[in-house]
Amino acid sequence: FQIVTDDERRAVNADPRGGVYVTTRFGVHHVDVNGQHRLHSEVHYIVDLRARPDGSLVAISNSPHPRAIEIRNGIERTLLTRKGARAISVTLDGQRVWVGFDGGVAVIRPDGSSEMIETNRTLTSGGTPLIDREGSLWIGTFNGLVQIPQPDTVIWNQSQSVVRRLSRHSD
């Protein structure tokens, strides 16, 4: 399909309601099942996005700084910013949003709270977060895959003496 602009295409993502979203340097285009397209949002330099069943989008961009944003009815709202770490990928787990950065993985909960799982001995780099059919979180790193089983996962970070409980039921 041809988009009316000569803009560089960056990614194509499925719309659960039909059609696809095409990201370019200067925005997000929606192409419906009949091939008709429209400019959905003018958010620049989107790296990755996921469409929610309600029609809103969750996207990540590195311009002007790494951030996760929600696009609902053409209105952009910042969910999370992270300076000094490039945003890589985003995935959805129900109402939770997982964002992979160079320096770890962040979860954004439905209530707007967020938590960053920094790189450590187990999570040696940030990477692409994926959710499998059993609900486990997998993170692709430079050294291989890291699995965080869900629900009711406890993460122990010895260097910071921190115990975190990530529970699907408490979100």
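How many salt bridges does the count come to? I got 11 salt bridges, taking one to be a side-chain nitrogen of Lys or Arg within 4 Å of a carboxyl oxygen of Asp or Glu.

Some ground rules for myself: this is a predicted model, local features need pLDDT of at least 70, side-chain atom pairs count only at pLDDT 80 or more, and totals for chains, interfaces and linings use all residues. Residues are numbered from 1 along each chain as its sequence is written, and side-chain values use heavy atoms, with hydrogens and water left out.

Entry one: Asp54 and Arg72. I found their side chains joined in a salt bridge, at 2.9 Å from N to O. The two sit 18 residues apart, with Asp54 in the loop between β5 (46–51) and β6 (57–61) and Arg72 in strand β7 (residues 67–72). Strands here are DSSP runs of E, at least two residues long, numbered from the N terminus.

I then checked accessibility, where buried means under 20% relative accessible area, exposed over 50%, and partly exposed in between (1.4 Å probe, protein chains only). Asp54 is partly exposed because its value is 47%, and Arg72 is partly exposed at 33%.

I also saw a network of salt bridges that links Arg52, Asp54, Glu70, Arg72 and Arg77.

Entry two: Asp93 and Arg96. Their closest N and O atoms are 2.8 Å apart in a salt bridge. Asp93 counts as buried at 7%, and Arg96 as buried at 4%.

Glu115 is buried at 16%, and Arg109 is buried at 17%.

Notes:
Helices (H or I, at least four residues) and strands (E, at least two) are DSSP runs, numbered from the N terminus.
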